[in-house]
Amino acid sequence: MEVHHHPAVPHGEKKRFKEYLLEFIMIFLAVTMGFIAENIREHVSDSSKENEYIAGMIKNLEVDTAEITKTIGRNTLQLSGIDSLRSISKDKLDQIQVQDSLYRLTNKYLFNVNVFQNDDVTLSQLRNSGGYRFIRNTRVLDSIEVYEKNLNVLNVQFNYLLASFTKAIDMSGSLFDLNADHKFQSAPTSTPILISNNKEKIFDFYNKCYLISVSLRGYNQMLKGHLTYSTRLIAYLQKEYDI
């Protein structure tokens, strides 16, 4: 290993103050430059990581906006069908054709629920991998936080909607002979399928369908608001990061 020696000082002479000062300055500059270089490296690395997260966020948001649009469309059709169900006269359910119309609409519109499921790949990384520390723009952080809060509100509304559907579906089992579905499929206007004429049960079923209509409208309205915010957030992130 090569060994470096300081220049020899003549015997009996001491190093002058300027020489000590020069050595100190050289060491200080070397340490400082190393520190600065490391900070620059970390800054470049953090900046690259931030751009990666934002690019991923934009990609997820684009998937979300497409999915929200589809869900709104499906819910609009379902809402129209449920409103048609509710318009069937309760006083004419003794007629087989009328009760079959009620069952047909029940079977078509009450036994499925359309839910928006967001693409949360980047959000999960930000939360679970400490990714938020790479986002230096506080306005961007605030915007993502609002987005997450909107998602939480949507989930609460969907759970209420799901509960409304569940109650109506459970109620349908006490009104219709669901085992007669195969007969109904071959003769959808002449198959007796109503097993109860109890007015209280029938009114209860219609009331539960009304609650579905109310909660579905509310859910769809929230989806539209979330769609608007998501679209604006995409444009904002693209502008801020020139992506």
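**A friendly note on this predicted model**

1. Helices here are DSSP runs of H or I, at least four residues, numbered from the N terminus. This is a predicted model, where local features need pLDDT of at least 70 and side-chain atom pairs count only at pLDDT 80 or more, while totals for chains, interfaces and linings use all residues. Residues are numbered from 1 along each chain as its sequence is written, and side-chain values use heavy atoms, leaving out hydrogens and water.

2. Tyr160, Tyr210, Leu211 and Val214 make up this patch of about 390 Å². One of them, Leu211, is found in helix α6. Leu211 counts as partly exposed because its relative accessibility is 40%; buried means under 20% relative accessible area, exposed over 50%, and partly exposed in between (1.4 Å probe, protein chains only).

3. What does Leu110 touch, not counting residues up to four places away in sequence? Its contacts (heavy atoms within 4.5 Å) include Ile82, Phe165, Phe205 and Ile212.

4. Finally, find Pro188 in the loop between α5 (181-186) and α6. Pro188 and Arg104 are 84 residues apart in sequence, yet their C-alpha atoms are 7.6 Å apart in space.

Technical notes:
Patches are made of residues with over 30% relative accessible area and no salt bridge: like charges are joined within 9 Å, nonpolar side chains (Val, Leu, Ile, Met, Phe, Trp, Tyr) within 5 Å. Accessible areas come from the Shrake-Rupley method with a 1.4 Å probe; for residues, only the protein chains shown count as cover. A salt bridge is a side-chain nitrogen of Lys or Arg within 4 Å of a carboxyl oxygen of Asp or Glu. Helices (H or I, at least four residues) and strands (E, at least two) are DSSP runs, numbered from the N terminus.
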